[in-house]
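Keep the structure open beside you as you read.

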Amino acid sequence: MKLYKYLSIAALTCLPLTGCSDFLEADNKSAANVDGDSFLSGDPSAFRPVMYDSFRFFANEIALHEEATDLYFESATGDGYGEYLFNIEDGGIASYYQNAYKAINNANGLIHYAGANSDLGYEGRFFRNLGYYYLIQQFGGVPYITNYIQSSSRNYPRTDLGELYGAMIADLTDLYDNSTLPASDNTGAVVTKQAVAALLAKTTLSAAWDLDTTLDDAVKGTYTVNSTTRFEEAAQWAEKAINGVQLTMPFADKWSPKNQKNAEMIFAMQYSRAGFPGDASTGGHSMQNQYMVMYGNCVQSGLKGTPSGGKHRQSYKSTRLFEKGDERWTGTFMQTFYNAPLDGTNATWKTEGYMAVYNCSAADLKKKRIALKFYPSTTTQAEALADLETLTSQTKKPKSNEKFGYKSPFAAIVNYPSVTIFEFNEDGTVAEPKSERYADWFVGQYHGVCVKKYDDPESDNVTQKNCYRNIPIFHVSDMYLIAAEAYLLAEKEGDALTKINDVRKRAKVTPLSSFGSYNPQYDTPSGFNAGPIDQILDERARELYAERTRYEDLRRTKQLVRYNLNFSRTISSVSQMSNGKGEIKWYRPIPSSEINTNTAMSAEDQNPGY
């Protein structure tokens, strides 16, 4: 009976802000015999998994968090939101808006039933503010709702952005100062004061940019800082979130699937294969199959599968983003793909093909054939050849009479504008290297590196949504860079540079003597002069590549237009990012469905640009 009630209540809590009346009326008929209010009042903990699950969509959202930026191409041929063709009827944007309010309402439900000053209530308040943080980054000021919606009321006025930030910061500060939340917990599964401080750091930094700076020129990305107070507060919160943790762990170890609960973890969305209620091979999420090209069906090739022909591949800029020796390149991207027999089964694929690197010993890997080998742009042809000469026993070209057959080995130095390509002879020696335009090479199947930050070596089938890796939301090195940005805008360049160099030292790249000493490795168009804010954004790009923060980073720092104009392959003029009146689309549009059904909002509440 408890399970039946729980499932009915779970459905009841998934109402969007838009169209509440129809949803509630239909759902209440199926739950007519359930006294959900009494049940949850007696056992509010039953509401927690419902709330938690509804917030997972933020961690899995890539399109709105990454597209229309400088680091990724949405696919081989199109650029999704990067083309700025979206409008008030866009389904993906409407879904994001509605899912966000479902999650926020579930957080309000947990607070309602558990009490705002209970352990569960503290958790609900953290999640509610997390939901509003994400909403602000996409939509600006939105209706601020702190009560649990249990009626058909649809009268929610849009809240002034300053008022919304103020309420969030006050609520989170009270959580940090007065709650009984634990100080920290490296599992990432627990809402802690360290996690509250991390959310406060990002919220306060965003408020400082939005409320205390003035945009001077969108094309040039110039701005005026009118007050440093909130920037100083953001730096202080970031220091609390850092919590004294030093960046001593190698970057690759930080992201190892065997080390998810590490000293730098602050908070992550949790997934459990063992706890999945049903066939675990059909559950999980799809993050390990994103940020990559189309490598084919893993059952047939032993490589790695991805939907829709490859999503969010490296942009031209990101191929040359990492400096020579930067350990974040090998910690972020899979450098070696091992071959697998083309026998049409996946019985042994965990120890064959792509996932072999995780599930086999170093000695066993030396015996396996190599399918693909990628080198960063800073690698010289001589260095690549020297390395490949040590691998001839593993790079033999397959013979036509082999029982199952293998894919022909292939290696490349991934660079822009040209890729250096290495193919192999039957004895494993390298054939004459050749060059191909990155733009042409980029479109082909199996061409390009893929992100390994979310790889799950125990996954049953990577062509399915079957990853159970936890998805980090806040971690310590992110907070180092949040602190650096806040210090820079607070006119404390020395403190900012120290934080930047702490991150760079761990990555094994040369510390900077000053912001002016930074020399980007990628091509910058004429007129693009890299300044201190670009250094911070580049460091964030290297440290947090594929962590779903890029759109908010560029919007927050007022560089969204400038970076699209200089690094997008589809945007060539600011008019493409504006409406007919010249209003720039800094935010996504408020969905038309919301404006049409919310009696407290009208067309005048629409964001500029639409």
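D37 touches H112, Y113 and Q150 when residues up to four places away in sequence are not counted; a contact here means heavy atoms within 4.5 Å. This aspartate is found in helix α3, residues 36-42. Helices (H or I, at least four residues) and strands (E, at least two) are DSSP runs, numbered from the N terminus. D37 is partly exposed, with a relative accessible area of 37%. The scale behind that word runs from buried (under 20% relative accessible area) to exposed (over 50%), with partly exposed in between, using a 1.4 Å probe and protein chains only. If you look from D37 towards G405, 368 residues apart along the chain, the two C-alpha atoms are separated by 62 Å.

Before going on, a word about what you are looking at: this is a predicted model, in which local features need pLDDT of at least 70 and side-chain atom pairs count only at pLDDT 80 or more, while totals for chains, interfaces and linings use all residues. Residues are numbered from 1 along each chain as its sequence is written, and side-chain values use heavy atoms, with hydrogens and water left out.

**Two buried loop residues with polar partners**

H312 sits in the loop between β6 (310-311) and β7 (313-314). With a relative accessible area of 4%, H312 is buried. Which side chain makes a polar contact of 2.7 Å with that of H312? The partner is E67; a polar contact is a pair of N or O atoms within 3.5 Å, where within protein one must be able to donate a hydrogen and the other to accept it, and residues adjacent in sequence count only if both atoms are side-chain atoms. Leaving aside neighbours within four places in sequence, the contacts of H312 include I62, A63, Y72 and F73, as well as Q290, Y291 and M292.

Q559 is found in the loop between α22 (550-556) and α23 (560-567). Is Q559 buried or exposed? Its relative accessible area is 0%, so Q559 counts as buried. A polar atom of the Q559 side chain lies 3.0 Å from the backbone oxygen of T557. Beyond its neighbours within four places in sequence, Q559 is in contact with G221, Y223, I533, L537 and L554.

**An exposed threonine**

T282 lies in the loop between β4 (265-269) and β5 (292-293), and at 55% relative accessibility T282 counts as exposed. A polar atom of its side chain lies 2.7 Å from the backbone oxygen of D279. Setting aside neighbours within four places in sequence, T282 is in contact with F276, K465 and N466. The C-alpha atoms of T282 and C467 are separated by 9.6 Å, although these residues are 185 apart along the chain.

**Backbone angles to look at**

Here are some backbone angles you can check in your viewer.

| Site | Angle |
|---|---|
| Y416 to P417 peptide bond, cis | omega near 10 degrees |
| K508 | phi near 70 degrees |
| A546 | phi about 70 degrees |

P417 is placed in the loop between β10 (410-413) and β11 (418-422). K508 lies in the loop between α20 (493-506) and α21 (532-543), where K508 is exposed, with a relative accessible area of 52%. A546 is found in the loop between α21 and α22; at 0% relative accessibility, A546 counts as buried. The phi of A546 is positive although A546 is not a glycine.

**The whole chain**

Stepping back, the chain has 24 helices and 13 strands. Its radius of gyration is 25 Å, close to the 25 Å that the globule rule gives for 610 residues, so the chain is as compact as a globular protein of that length. That radius is taken over C-alpha atoms, and the rule is 2.2 Å times the number of residues to the power 0.38. Taken along the principal axes, the C-alpha atoms fill a box of roughly 75 × 60 × 50 Å.

Of the 610 residues, 58% count as buried. Among contacts between residues at least 6 apart in sequence, 72% join residues at least 24 apart. The accessible surface comes to about 23,000 Å², of which 48% belongs to carbon and sulfur atoms; such areas come from the Shrake-Rupley method with a 1.4 Å probe, and for residues only the protein chains shown count as cover.
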